[in-house]
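Welcome, and thanks for taking a look at this model.

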Amino acid sequence: MGRMTDLLRRPLVERSLLVAGGLLAGLLLLEVGIRIGFGDRLSNVWEVSKDEVTDPGIPGVPYVYRPGIEGFTNNLGLRMAHDVAVEKPAGALRVLLLTDSAGESIEDGAGIADLFPCLLEGLLSDRMGIRVEVLNLAVPGLSFEQERRLMEARRGAWDADVAVFAFNYNDPVETDVRDLPNIPVLRWFELANAVLLVRYELRQDPDTWYTPGSEVHADLEASFAALGRTAAEFPVFVVPLPLNLSPAQPQPHIPAVTALCARYGIPLLDVYTAVRDDLPGFMMPGVDDDWNHYNARGHAAIAAAIAAQLAAHLE
């Protein structure tokens with residue numbers, strides 16, 4: 001009580017400064033603890049280093065991969081094994097493929113060229129008999145809405161002919177880093193990202209994501225409505241990516257996405273029917289619970305299924 005009494009006897013300004021100093025010291029200690037425990041990572045994104053990403057300057061899109069990371073991204077910041085000119089080659093068909101970590105994660109021992117968006121490029125070229133460029137805009141942690149905004153910003157700048165959205169199961173949930181003010185000093189603090197991670201985790205209720213009337217489903221429907229308006233003037237396709245589960249287990253995102261595509265006039269590529277008998281053979285080796293990323297066999301099967309259906313639409 002003595003210390004508390006002494007504190008209360010001090011002038012208000014002095015007391016305020018002491019309290020503010022104590023809070024600041026506590027926050028700095030917490031920041032140090034987060035950095036020691038988790039390293040210099042974007043706390044709301046699965047294992048993405050701040051050195052790997054950059055702010056694209058697109059409202060609602062918090063980050064994309066930084067260009068020119070050796071062995072990781074090409075000159076445009078895409079997860080591709082070769083560079084791509086901004087100007088589309090004459091006579092080529094350019095496809096923007098948008099997805100999250102499903103299109104850029106693969107087992108050890110495989111390379112970038114083994115990712116399904118990269119395999120799709122060669123398969124489409126062979127099927128259609130023309131040069132096809134598939135630009136792999138896979139960015140981990142982005143939601144469907146953020147991918148849609150990224151597509152809108154890139155399709156004109158990169159002279160795209162088609163956009164394909166490879167919809168992953170956890171795409172509906174925003175990373176929420178978009179709510180963090182674009183103040184470099186604030187974004188530097190891992191604590192700020194950790195607060196957003198907590199908010200993100202509070203929305204992690206997969207049982208309600210695809211239930212009509214839920215908050216997440218309402219957000220998702222708004223995104224599909226906006227994409228439907230784009231589809232009226234620009235070719236857009238959606239591919240619900242299957243989970244690495246046995247055919248007997250439910251895949252609730254597939255009927256939900258199928259219904260939304262039908263409602264808003266967006267063509268859907270049914271990959272699940274083509275590969276369902278091979279599930280769960282797409283599981284990464286040694287990873288028992290990763291049901292939404294693929295091994296090399298899975299990437300190859302997904303690419304073949306997309307190529308067959310997309311070529312039929314485009315030819």
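## Ground rules

Contact here means heavy atoms within 4.5 Å. Helices (H or I, at least four residues) and strands (E, at least two) are DSSP runs, numbered from the N terminus. This is a predicted model, where local features need pLDDT of at least 70 and side-chain atom pairs count only at pLDDT 80 or more, while totals for chains, interfaces and linings use all residues. Residues are numbered from 1 along each chain as its sequence is written, and side-chain values use heavy atoms, with hydrogens and water left out.

## The chain overall

The protein chain holds 11 helices and six strands. Of its 315 residues, 49% count as buried, a label that means under 20% relative accessible area, with exposed being over 50% and partly exposed in between (1.4 Å probe, protein chains only).

The chain exposes about 14800 Å², of which carbon and sulfur atoms supply 58%; such areas come from the Shrake-Rupley method with a 1.4 Å probe, and for residues only the protein chains shown count as cover. Among contacts with a separation of 6 or more, 69% are between residues 24 or more positions apart.

Strand β6 (residues 236–240) is largely enclosed by the rest of the structure, because five of its five residues are buried. Val236, Val238 and Pro240 lie on one side, with Phe237 and Val239 on the other, and both faces are covered. β6 pairs with strand β5 (residues 162–167) in the parallel sense over five bridges; two strands pair if DSSP finds at least two bridges between them. One of the bridges joins Ala166 to Val239 of β6.

Helix α8 (residues 215–231) has 17 residues and reaches 24 Å from its first C-alpha to its last, close to the 24 Å expected at 1.5 Å a residue. That expected span is 1.5 Å times one less than the number of residues. Buried residues of α8 include Leu220, Phe224 and Leu227. What covers the buried residues of this helix includes α4 (144–157), β5, α7 (206–209), β6 and α9 (253–264).

## Salt bridges

A search of the whole structure finds 11 salt bridges, each a side-chain nitrogen of Lys or Arg within 4 Å of a carboxyl oxygen of Asp or Glu. Glu104 and Arg79 form one of them, at 3.2 Å from N to O. This pair links distant parts of the chain, with Glu104 in the loop between β3 and α3 (116–128) and Arg79 in the loop between β2 and β3, 25 residues apart. Glu104 is buried at a relative accessible area of 9%, and Arg79 is buried at 8%.

Arg131 also forms a salt bridge with Glu133, with the closest N and O atoms 3.2 Å apart. Glu133 is buried, at a relative accessible area of 4%.

## Around Lys88

Lys88 sits in the loop between β2 (64–65) and β3 (93–99) and is buried, with a relative accessible area of 17%. Leaving out residues up to four places away in sequence, Lys88 touches Arg94, Asp159 and Asp161.

The side chains of Lys88 and Asp159 meet in a salt bridge (3.7 Å, N to O). This pair links distant parts of the chain, since Asp159 is in the loop between α4 and β5, 71 residues from Lys88. Asp159 is partly exposed, with a relative accessible area of 40%. A network of salt bridges links Lys88, Asp159 and Asp161.
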